[in-house]
Amino acid sequence: MFTFLSEVLPTFLQQLINGLTLGTTYALIALGYTMVYGIIQLINFAHGEVYMIGAFVGLIMVSVYEVNFFMAMLVAMAVCVPLAMLIERIAYRPLRSSTRLAPLISALGVSIFLQTLMTLIAGPNPKGFPQVIEDTIYIVGPVQFSLVQVIILVLAGLLMVLLHYIVKYTKMGKAMRATSEDYETANLMGINVNRIISFTFAMGAALASAGGVLVGMYFNSIHPLMGVSVGLKSFCAAVLGGIGSIPGAMLGGIFLGVAEVTGVSVGLGSYRDAIAFGLLILVLLFKPTGLLGKPIQRKV
Amino acid sequence: MQAIIDITTNPYYIQVITMMGVYLIAALGLNLITGVTGQFSFGHAAYMSIGAYTSALLTKNLDLPFLLSLLAGGLMAALFGVILAVPSMRLTGDYLGITTLGFGEIVRVVFINMEITGGARGLAGIPRSTDLTVVFILVVLFIWALYRINNSRFGRALAAIREDEIAAESMGINVFLYKVESFAIGTFLAGISGGLYAHLLQYINPADFGFAKSFELLNFVVIGGLGSIPGTVLGTTVLSLAPEFLRFVKEYRMLIYGGLMVLMMIFRPHGILGGVDLGRLLRKVLRKKPPAALSGGN
Amino acid sequence: MPPLLKMENISIVFGGLTAVESISFEVEKGRIVSLIGPNGAGKSTVFNIISGIYSPTSGSVYFLEKDITGDRAYKITGYGIARTFQNIRLFKNLTVADNVRIGCHSRSRAGFMGAVLRAGRVKGEERGITDRAKESLAVVGLADKSEDLAKNLSYGDQRKLEIARALASSPELLLLDEPAAGMNAGEKQGLMEMIKAISHMGVTILLVEHDMKFVMGISDHIIVLDYGQIIASGTPEEVQNDPVVIEAYLGKEAD
């Protein structure tokens, strides 16, 4: 009992905080996947690259222009939002009525293109992210957390609240939900579906680029291929939570982050990248549409 | 003429062409799963790795004959194909895709952590037994077998599942069983391909078989034309030789490759030969009357 | 003679909603029986239960005195029950001939190894499949279109192809789900003749249809459903004159 209170519990709480931090960044990216999938049933493989580019724009802003990190994040959003809308316009929109695999291959093409482009510009090696936030450590009882972690949790939280507000209460958000519910009917009801889709990509990109800057700040290192593994894991988070569901993406992201950090702390470090996928497969086998997903109706 | 002799005797080009054949075998397997049966599989490279490690360890450590080790690798891959397929067959579309992708990544991480496979350092010292002749014979054999499958009761059932699962089931097709069989055959071919790969390069590493490789194989199949055997052959040929032809653009190579993928899909979303029935086209060209309706299977 | 099909107290509940409630009826061999009722009465649901796509919440289905309740759809086809779909479900990118060949699936055996090795037995089986497919296409009059892709057929021809595909499985009982939907008067007349011809071949027919003239002109026996329950059954004359039917059904949907 004594060891539980003095060792196990503090370790657990510490891991929970670290996991939450990682998980909220996954959640930020997962939201973009889930919103896009909800509307056009596309796994937007280029989304991870939008996040990567967001991180690089953030890096340039803080290191070259020496703006504060908040400004850097806004600029990253300002670059990535039109980029994502452009990607949708060029690579996905012409394929909307095509087979399921065609837009997927196109998305992979965009992904390879952007990775290579960034490698050409920035070189293949990881770049250090300057320390823009003071390295303050807070100690509360047995656990400690850094100012960066607090900022990530607060900012990500705020962004998600904002997203919730937009989707729930604005005209655009309502149209988005309508389109996600039934594309054809929304179209017939006079909703400009193209605009809604662009808007969805824009919101996803805004969140992902913010995530990119936050992650750069947290791990102090970014590189052109960083979007690949994080992108896949975030997509896992979206599916885990129930793809198409916004609360599902948040839940899935946090769940995955906590699971990954816990897994590493119990000595599964070398299996780190498999944890997300293992969990995903397990969840899907028992609940084929994810934790918060609606069951599929078999239509005849 | 001299150019042809140069190419056909240059070991580098022979290596490139042999490798193309190796990938073609895996791509043909994926085409059966995704193109013919309509089931997404985003982890095909993992089955290549299972075949590669199995056969490499058998020849390297147990001195098993090469062809026997290939067969063992294929069967091992098929075994894992079935193990994954049985529980996941109730998933459809993208869910199945992401599950297979996840499985592929797990396999890769497991190989990194295994002792016997050399972990992340990879496995070296595999005998060089794969040559162009073996690959060529196997490619011809598999294409022949796959053509026979496509024009059989079995192959028609797979196509029916792709077109409409509920209608297929109502025609008396045990959809679950056929999907699993399709996975078994497709992953068997991936395993064979992996074994050939290992005995061609003599060195394998888990990083060779990540999801990037899986998507590359998917690319071959989709860009060639889903479900079409000539399409798969063409897609694999063009795309696996493309990096060679794009060598002159040096570091812009992958940039162009990615851009081409997007353009290809925009202009030919069904792939180069998608929706093209070569047999029918040929009959048209030869101005022959199509064989009497329902002339039976060959 | 025992009935070909016997439904006993069949009920099915979808998410708390009872779609079909305690239905019992029999279909005798050789008859043409129609299931009618307003939209949402549960007709297609009954079809989906018989053909094994849905499993009933309670009750039993007997085919040739064998309990087939809850068996998977592919097995039920094997027993000798074939069906068509209200919203045409052809294998669109395959040829007309291949659609019908797939219909022969449950009457043939060759598997993967048979396909590759193609021994004499398999070749013979393929010939049998092709003959059977030809016959079925001839019945519906599509023999000359066998090499067309299913998706390129006209709407009426697609409905006929659905029937040919179902016939190819040599069924004892054929379930036709709104076969006349979307057809013009001439096509409907042709379809009626075709169904009668199929019936003369010894195939028992159960059909769901909205067109009253069509139903009255073809059926030996009619079952009327409303709100998931049977409200009347009998010969066309009996049903037409039944006040309950007139009130509950014809009153709602004046035809």
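Which domains does the domain assignment give for chain C? Please start there and then show me what surrounds that part.

Reply: Happy to. First, some ground rules: residues are numbered from 1 along each chain as its sequence is written, and chains are lettered from A and ligands numbered from 1 in the order in which they are written. Keep in mind that this is a predicted model, in which local features need pLDDT of at least 70, side-chain atom pairs count only at pLDDT 80 or more, and totals for chains, interfaces and linings use all residues.

Now, your question. Chain C is assigned domain 1 (1-80 + 173-196 + 203-255) and domain 2 (92-170); such bounds come from an automatic or database domain assignment. Between the C-alpha centres of domain 1 of chain C and domain 2 of chain C there are 27 Å. Where the two touch, nine residues of domain 1 of chain C meet eight residues of domain 2 of chain C (two residues are in contact if their C-beta atoms, placed from the backbone, lie within 7 Å).

Let's look at the domain 1 side of that contact. At least two residues each come from α2 (73-79), β7 (173-177) and α7 (185-200) of chain C. Those labels are for DSSP runs numbered from the N terminus: helices are H or I with at least four residues, strands are E with at least two. Sorted by class, this side of domain 1 of chain C holds five nonpolar, three polar and one charged residues. Here Ala, Val, Leu, Ile, Met, Phe, Trp, Tyr, Cys and Pro count as nonpolar, Asp, Glu, Lys and Arg as charged, and the others, Gly among them, as polar.

Stepping back to the chain as a whole, you'll find ten helices and ten strands in chain C. Its radius of gyration is 19 Å, close to the 18 Å that the globule rule gives for 255 residues, so chain C is as compact as a globular protein of that length. That radius is taken over C-alpha atoms, and the rule is 2.2 Å times the number of residues to the power 0.38. Along the principal axes, the C-alpha atoms of chain C fill a box of roughly 60 × 40 × 40 Å. Among contacts in chain C with a separation of 6 or more, 67% join residues 24 or more positions apart.

One residue of chain C is worth a stop. S170(C) sits in the loop between α6 (155-167) and β7 of chain C. S170(C) has a positive phi of about 50° although it is not a glycine. For context, most residues other than glycine have a negative phi. With 15 other C-beta atoms within 10 Å, S170(C) is partly exposed.

Finally, there's a neighbour. Chain B puts 28 residues in contact with 39 residues of chain C. On the chain B side, α6 (132-150), α7 (153-163), α8 (165-170) and α9 (175-201) of chain B each supply at least two residues, and the largest share, eight residues, comes from α7(B). By class, the side of chain B that touches chain C has 14 nonpolar, seven polar and seven charged residues.

Terms used: Buried ≥ 20, exposed ≤ 12 C-beta atoms within 10 Å, placed from the backbone.
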